Amino acid sequence: MQDKNIAAVFAAIDKLEECLNRYKTVQNPEYIIRIWHYIQYGSAILDYFDNSVAENALQVAGGRYVAKFGSYKEVKLVISKLEKYLIKLDKVPTTVYILPSRNSEILSKAISKILGVDCIQYIRNTPVQNGLIVAGDTSEFNDYPELVNIRGNTVTFALNHNWLDNSLITPDICGFMSQTYIFPWEGGSVKVNPETKQVDKSEPDLRSAEEIAHSIASEEVEINPEFNEILEFYYERKDYMKGGLKDTFKRLHYNTDSNSEPVVTFSYIIT
């Protein structure tokens with residue numbers, strides 16, 4: 001082997017060992033993406049497309065969405081789940097950090113209002129302590145290689161994780177996984193007009209990020225009690241989650257090949 005390949009091979013072995021350690025914490029893992037995303041990346045998913053949404057939904061893509069059109073109520077629901085997750089795993093931040101995008105600004109300000117903590121701009125390569133760095137989509141983290149290393153009890157969160165795009169890091173927590181997501185303030189969401197029965201598209205919300213964040217925080221939502229089971233799944237394995245006591249403290253590169261056929265892939269490796 002050439003010297004330039006040796007580091008890549010050892011890195012792949014380290015990643016495999018890390019994944020196998022998490023695999024051993026799950027007995028007879030199902031085909032739910034939440035479980036395999038934890039095994040492969042040590043990361044959490046707060047919402048997924050399950051059988052309560054459509055018959056046999058989990059068998060199609062393990063809980064990943066194809067196209068998803070957002071609403072303010074849905075965003076508030078995901079943030080409320082995020083709050084419960086952070087409390088359960090003792091990772092409530094003292095500050096929320098904004099990346100340079102409108103999506104990140106709106107989400108960060110909404111999260112800060114709901115958590116009751118400060119919200120400031122993230123500055124590249126600046127040390128962060130007990131912070132939550134927020135992105136609208138995982139791709140927003142691609143310009144920040146310093147986030148590969150987990151430092152200062154800091155957590156990364158993306159509302160949407162596009163499962164067809166490779167990314168520099170896999171965020172510690174994502175709201176959901178979809179191929180296409182339309183943020184509710186962007187406009188373009190498809191809806192049926194009850195009067196004309198025609199399919200219309202929503203208009204962009206031109207209000208300031210502060211005003212939209214306030215609207216999101218003001219939404220009333222109710223979390224399904226079944227979410228407590230998801231929290232328990234992560235809590236019982238918190239040491240193996242990203243930033244946990246048995247973690248490598250490095251966020252893993254997200255590879256689209258790894259999530260195409262997770263069960264088959266790992267049964268082959270373990271065999």
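Biologist: Where does Thr138 lie?

Modeller: Thr138 lies in the loop between strand S5 (131-137) and strand S6 (155-162). The model is predicted, and the values below are computed from it.

Biologist: What makes Thr138 buried?

Modeller: Thr138 has a relative accessible area of 2%. The cut-off for buried is under 20%, so Thr138 is called buried.

Biologist: Why is Lys68 called buried?

Modeller: Its relative accessible area is 8%, and buried means under 20%, so Lys68 falls in that class. Lys68 has its place in strand S2 (residues 65-69). Beyond four places in sequence, its contacts are Asp47, Glu74, Phe176, Ser178, Thr180, Tyr181 and Ile182.

Biologist: Is Ala217 buried, partly exposed or exposed, and what is the relative accessible area behind the label?

Modeller: The relative accessible area of Ala217 is 23%. Ala217 is found in helix H6 (residues 209-218). Leaving aside neighbours within four places, Ala217 is in contact with Lys76, Lys113 and Ile114. The C-alpha atoms of Ala217 and Ile111 are separated by 7.7 Å, although the two are 106 residues apart along the chain.

Biologist: What makes Val9 partly exposed?

Modeller: Val9 has 33% relative accessibility. That value is between the 20% and 50% limits, so Val9 counts as partly exposed. Val9 is in helix H1 (residues 3-23).

Biologist: Which residues form a nonpolar patch on the surface?

Modeller: Ile6, Val9, Phe10 and Ile13 form the patch, and together they have about 320 Å² of accessible area. Members of a patch need over 30% relative accessible area, and Val9 is at 33%.

Biologist: What is known of the largest nonpolar core?

Modeller: This core has 55 residues, and Tyr85, Phe157 and Tyr234 touch the most other members. The most is given by helix H4 (residues 72-88), with 7 residues. A second, separate core has 11 residues, among them Leu99, Ile133, Ala135 and Ile169. In soluble globular proteins, nonpolar side chains tend to be buried together.

Biologist: Which residues is Phe157 in contact with, leaving aside its neighbours within four places in sequence?

Modeller: Contacts of Phe157 include Leu46, Val78, Leu82, Ile111, Phe141 and Ile173.

Biologist: How many residues has H4, and what span is expected?

Modeller: H4 has 17 residues and reaches 24 Å from its first C-alpha to its last. The expected span is 1.5 Å times one less than the number of residues, which gives 24 Å, so the span of H4 is close to what is expected.

Biologist: Which residues of H4 are buried?

Modeller: The buried residues include Tyr72, Glu74, Lys76, Val78, Leu82 and Tyr85. Just after H4, Asp90 takes a positive phi of about 55°.

Biologist: What can be said of the chain as a whole?

Modeller: The chain has 8 helices and 9 strands. Of its 271 residues, 49% are buried. The chain exposes about 13800 Å², and carbon and sulfur atoms supply 51% of that area. Among contacts with a separation of 6 or more, 64% are between residues 24 or more positions apart.

Conventions: Residues are numbered from 1 along each chain as its sequence is written. This is a predicted model: local features need pLDDT of at least 70, side-chain atom pairs count only at pLDDT 80 or more; totals for chains, interfaces and linings use all residues. Side-chain values use heavy atoms; hydrogens and water are left out. Helices (H or I, at least four residues) and strands (E, at least two) are DSSP runs, numbered from the N terminus. Buried means under 20% relative accessible area, exposed over 50%, partly exposed in between (1.4 Å probe, protein chains only). Contact means heavy atoms within 4.5 Å. Accessible areas come from the Shrake-Rupley method with a 1.4 Å probe; for residues, only the protein chains shown count as cover. Patches are made of residues with over 30% relative accessible area and no salt bridge: like charges are joined within 9 Å, nonpolar side chains (Val, Leu, Ile, Met, Phe, Trp, Tyr) within 5 Å. A salt bridge is a side-chain nitrogen of Lys or Arg within 4 Å of a carboxyl oxygen of Asp or Glu. A nonpolar core is a set of buried Ala, Val, Leu, Ile, Met, Phe, Trp, Tyr and Cys residues joined through side-chain atoms within 4.5 Å.
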